[in-house]
Amino acid sequence: MVTGAAGQLGQALQASVPQGIELIALTRQGLDLADTKACTSLVRELKPDWVLNAGAYTAVDKAESEPELAQAVNAGAPAAFAEALAQTGGRLLQVSTDFVFAGNQGSPYRPDQPVQPLGVYGASKAAGEQAALALPGGQVLRTSWVYGPVGKNFCLTMLRLHALKAAAGEPLGVVADQVGCPTATTTLAAACWRAIGVGKTPSEPGPEQPRILHHSDAGAASWYDFALAIGELGVTSGLLERAAQVTPISTAAYPTPAQRPAYSLLDCTLSRAALGLKPIHWRAALAQVLASLG
Ligand SMILES: NC(=O)c1ccc[n+]([C@@H]2O[C@H](COP(=O)([O-])OP(=O)(O)OC[C@H]3O[C@@H](n4cnc5c(N)ncnc54)[C@H](OP(=O)(O)O)[C@@H]3O)[C@@H](O)[C@H]2O)c1
């Protein structure tokens with residue numbers, strides 16, 4: 001059972017559903033994640049083997065003024081799923097975020113490090129992780145800077161802005177002092193399927209799967225680097241006639257209601273080994289996503 005079916009990851013999961021899997025894809029219309037009773041009763045009714053909770057309140061800035069709703073969706077729903085799954089014998093994959101970390105250590109975060117969220121969104125997702133881990137069959141998969149060919153994301157926004165700014169002959173200022181790693185929904189969906197044991201053979205070597213997994217594409221980038229690459233690869237893939245000139249700006253020059261981690265790279269080494277996944281550099285993944293848009 002996949003929640004958030006209309007979201008970026010939800011759509012990628014549906015596009016990549018492996019053979020032999022019967023998928024129940026739920027959009028907001030099928031299940032309101034803020035309604036804990038509905039979450040519990042639907043799991044009791046459908047008795048899924050797995051709930052892949054890809055649905056979330058993802059409006060990081062708006063969450064600062066809607067903390068109750070963010071908490072209900074991001075923490076209440078996984079808690080309700082966990083409670084019901086404990087009775088039905090199903091398992092839970094809770095998708096989480098680099099925003100559970102403060103981003104002040106200057107080296108990649110390992111899965112076993114303590115969380116320290118900076119804002120309402122991160123705190124609500126951290127509470128969702130705890131709810132999932134309270135279920136013996138609960139798994140957490142953290143990811144970062146998610147983008148893909150559909151939905152609301154930085155890549156699609158930058159493609160629009162590159163076209164607009166290039167036509168107007170104006171520079172495009174992008175934050176350069178926040179570092180993380182872009183992650184394509186295609187590789188994230190593949191990691192989710194692996195995390196629930198699909199596509200892994202019993203004889204496949206590798207360490208035992210930890211309960212908290214990290215998945216991002218490989219490498220590191222600032223939003224500035226990412227925007228620059230979107231312009232360059234947007235031109236080579238034929239999506240843009242011209243790229244705008246991208247100029248680095250500071251976080252202070254682009255104030256937002258929610259504070260963001262300055263350095264939120266996820267250490268994916270152990271998770272990749274456990275899931276049997278080969279890393280793909282974020283720039284190569286970006287080229288593939290842009291090619292799919294052409
Ligand atoms: N996007 C990122 O950069 C990022 C980074 C790290 C981790 N993550 C995590 O990755 C997961 C997938 O994110 P995404 O990028 O696919 O997010 P997304 O595109 O924003 O999709 C989230 C989905 O959740 C649904 N949703 C929100 N509130 C709901 C409610 N009350 N009831 C039912 N459905 C509700 C939304 O429905 P509507 O379409 O109807 O609004 C949307 O389809 C989330 O757990 C997120 O926290 C995302």
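Modeller: Happy to; we can go from the overall fold to the ligand and then to a few elements. This is a predicted model, in which local features need pLDDT of at least 70 and side-chain atom pairs count only at pLDDT 80 or more, while totals for chains, interfaces and linings use all residues. Residues are numbered from 1 along each chain as its sequence is written.

Biologist: How many helices and strands are there in the protein chain?

Modeller: The protein chain has nine helices and twelve strands, where helices (H or I, at least four residues) and strands (E, at least two) are DSSP runs numbered from the N terminus. The radius of gyration is 19 Å, close to the 19 Å from the globule rule for 294 residues, so the chain is as compact as a globular protein of that length. That radius is taken over C-alpha atoms, and the rule is 2.2 Å times the number of residues to the power 0.38.

Biologist: Now the ligand. Which residues are closest?

Modeller: Gly-4, Gly-7, Gln-8, Thr-97 and Val-146 are the closest of the 26 residues surrounding the ligand; a residue counts as near if its C-beta atom, placed from the backbone, lies within 6 Å.

Biologist: And which element gives the most to that shell?

Modeller: Helix H1 does, with three residues. H1 (8–15) and strand E4 (91–97) each supply at least two.

Biologist: What does E4 pair with?

Modeller: E4 pairs with E5 in the parallel sense over six bridges; pairing needs at least two bridges found by DSSP. Thr-97 stands opposite Thr-143 in E5.

Biologist: Is E5 buried or exposed?

Modeller: Six of the six residues of E5 (residues 138–143) are buried, so this strand is largely enclosed by the rest of the structure. Buried means 20 or more other C-beta atoms within 10 Å of the residue's own, exposed means 12 or fewer, and partly exposed is in between, with C-beta atoms placed from the backbone. Gly-138, Val-140 and Arg-142 point one way from E5, and Gln-139, Leu-141 and Thr-143 the other.

Biologist: Why is H6 largely enclosed too?

Modeller: Because nine of the eleven residues of helix H6 (residues 185–195) are buried. Cys-192 and Arg-194 are among them.

Biologist: Last one: which residues have the most contacts inside the largest nonpolar core?

Modeller: Phe-81, Cys-192 and Ala-227, in a core of 88 residues. Such a core is a set of buried Ala, Val, Leu, Ile, Met, Phe, Trp, Tyr and Cys residues joined through C-beta atoms within 7 Å. Helix H3 (residues 67–88) provides the largest share of this core, eleven residues.
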